[in-house]
Amino acid sequence: MKNITLDITKAAQFLKPGTVEGYEAQVKDAQKALEDGTCAGNDFLGWLHLPSSITDDFLAQIQAVADTLRSKCEAVVVAGIGGSYLGARAVIEALNNSFAWLVNDKKNPTILFAGNNIGEDYLAELTDYLKDKKFGVINISKSGTTTETALTFRLLKRQCEAQRGKEEAKDVIVAVTDAHKGAARAAATKEGYKTFVIPDNVGGRFSVLTPVGLLPIAVAGYDIKELVKGAQDMEKATAIDVPFAENPSAQYAAVRNGLYAQAGKKIEIVANFQPKLHFFAEWWKQLYGESEGKDNKGIFPAACDFTTDLHSMGQWIQQGERSIFETVISVEEPEKKVLFPHDDENLDGLNFLEGKRVDEVNKMAELGTRLAHVDGGVPNIRISVPRLEAYYIGQLIYFFEKACGISGLLLGVNPFNQPGVEAYKKNMFALLNKPGYEAESKAIQERLKNE
């Protein structure tokens, strides 16, 4: 099997000679701190050797539950937010038919995602869609008290029980949660749901290779063994004993930190020319934004889908403030083949493309864009993926995770905490008069009066 490959030459040229190589000692220190568990956030390093710790027996357990849901459900709702759904959605959308919800062949249940917003219309429309469906729920929450997910699960649990009966519903509701504590664990124990554990030492944004991601991906009909195999191989390819110049995660972490510290590049745009990678970029945004954005530091993670966004964001990228660099995820070979057709009238002037594969046109758009952006002062990193297959997606996931851990330590932050995400929740609970937030509620009301 091939590996994904990394090309940093069009980014390193924007740095002083030897800059990337100059990070080697710091990268080695970061790798050692990860391996030894001496870095900040060392209680959340369970992801580091997670792929190599996954056994065939464990995957078989997940597959067995997935097969039950697949056999008993027309639709399965994944209820979760942030890392509790983005990884699964990234993989499923990358591997899925782009129009899966329209052309469902009944071999696989339709996978729906909820619990990631508080949209009243969204929830109303979801529950209405499910009225005549045999559906199941995968409830993913460590605590069981996250507002968005808990609200959604309340609605879906009640509807599932009403439509299928309490006993049958018990067989199609699965909880992925804490091993011992929390509201979701208590509810699962009380109701008798099948459960899987979110490891205590794996943070949400690093959890796609735990049951958080593996169960929904298996329900969708994709090969979780191949996904894990790809991650296992990338774990080896990015190990501490791999030379710095040959280690893709080390190189990526070094060049992006060089661009940030030396070249003033504060924004990283992950771009792709394959629409199926849209949600992979959303997963990447959380991984890097939540890991590095703290202590008034961090590269801002953004994403664009090309060529689509070249018609909306292309002008800014080409000639806007030179505070950006690009990381392009390029897929070498699409699954399908479509040839550019002939047209007798040729009113659009495109007959010169007759007979070419659409992907060849797309690849020239990609190359032309990269050349133009580099000429316009945008450093460009390229990650080449042989095909959109489970194995390569597994590689890509671990590559980015490992690079994220190294990169955060190079930046001088704790890559594994997220202290800032609680601020809005405290204000929301105070405004909703949640018990225990009386003092905060009073303070906010006084503040609002004075604004």
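Predicted model: local features only at pLDDT ≥ 70, side-chain atom pairs only at ≥ 80, totals over all residues.
I began with Asp295, which lies in the loop between helix 14 (278-292) and strand 8; helices (H or I, at least four residues) and strands (E, at least two) are DSSP runs, numbered from the N terminus. Asp295 is not a glycine, yet its phi is positive, about 55°. Asp295 counts as exposed because its relative accessibility is 53%; buried means under 20% relative accessible area, exposed over 50%, and partly exposed in between (1.4 Å probe, protein chains only).

Residues are numbered from 1 along each chain as its sequence is written, and side-chain values use heavy atoms, with hydrogens and water left out.

Next I looked at Thr307, in the loop between strand 8 (300-305) and helix 15 (314-319). The peptide bond joining Phe306 and Thr307 is cis, with omega about 5°.

**Loop between strand 9 and helix 16**

I found Asn346 in the loop between strand 9 and helix 16, with a positive phi near 50° although it is a residue other than glycine. Asn346 is partly exposed, at a relative accessible area of 27%. Glu345 sits in the loop between strand 9 (324-331) and helix 16 (358-375), and at 60% relative accessibility Glu345 counts as exposed. Glu345 also belongs to a negative surface patch with Asp343, Asp344 and Asp348. For patches I used residues with over 30% relative accessible area and no salt bridge, joining like charges within 9 Å and nonpolar side chains (Val, Leu, Ile, Met, Phe, Trp, Tyr) within 5 Å.

I then looked up a nonpolar patch: Phe99, Trp101, Leu102 and Val103 make one of about 490 Å². Val103 is in the loop between helix 6 (86-95) and strand 3 (110-114).

**Helix 8**

I checked the length of helix 8 (residues 147-164): at 1.5 Å a residue its 18 residues should span 26 Å, and the end C-alpha atoms are 26 Å apart, so the two agree. The expected span is 1.5 Å times one less than the number of residues. Among the buried residues of helix 8 are Phe153, Leu156, Lys157, Cys160, Glu161 and Arg164. Just after helix 8, Gly165 takes a positive phi of about 85°.

**Salt bridges**

I counted 26 salt bridges, each a side-chain nitrogen of Lys or Arg within 4 Å of a carboxyl oxygen of Asp or Glu. Arg164 pairs with Glu168 at 2.9 Å, N to O; Arg164 is buried at 11%, whereas Glu168 is partly exposed at 35%. Lys157, Glu161, Lys166, Lys190 and Glu191 are linked in a salt-bridge network.

Asp178 forms a salt bridge with Lys181, with closest N and O atoms 3.3 Å apart. Asp178 counts as buried at 3% relative accessibility, while Lys181 is exposed at 55%.

Which residue does Arg205 bridge to? The partner is Glu290, with closest N and O atoms 2.9 Å apart. Arg205 lies in the loop between strand 6 (194-197) and helix 11 (211-219) and Glu290 in helix 14, so the pair ties together parts 85 residues apart in sequence. Arg205 is buried at 3%, and Glu290 is partly exposed at 22%.

**Last look-up**

I ended on Ala254 in helix 13 (residues 248-261), buried with a relative accessible area of 0%. Ala254 and Glu24 are 230 residues apart in sequence, but their C-alpha atoms are 7.8 Å apart in space.

Notes
Areas by Shrake-Rupley, 256 points an atom, 1.4 Å probe, with all protein chains shown as cover. Lys, Arg positive; Asp, Glu negative; His and termini not counted. Charge placed at Lys NZ, Arg CZ, Asp CG, Glu CD.
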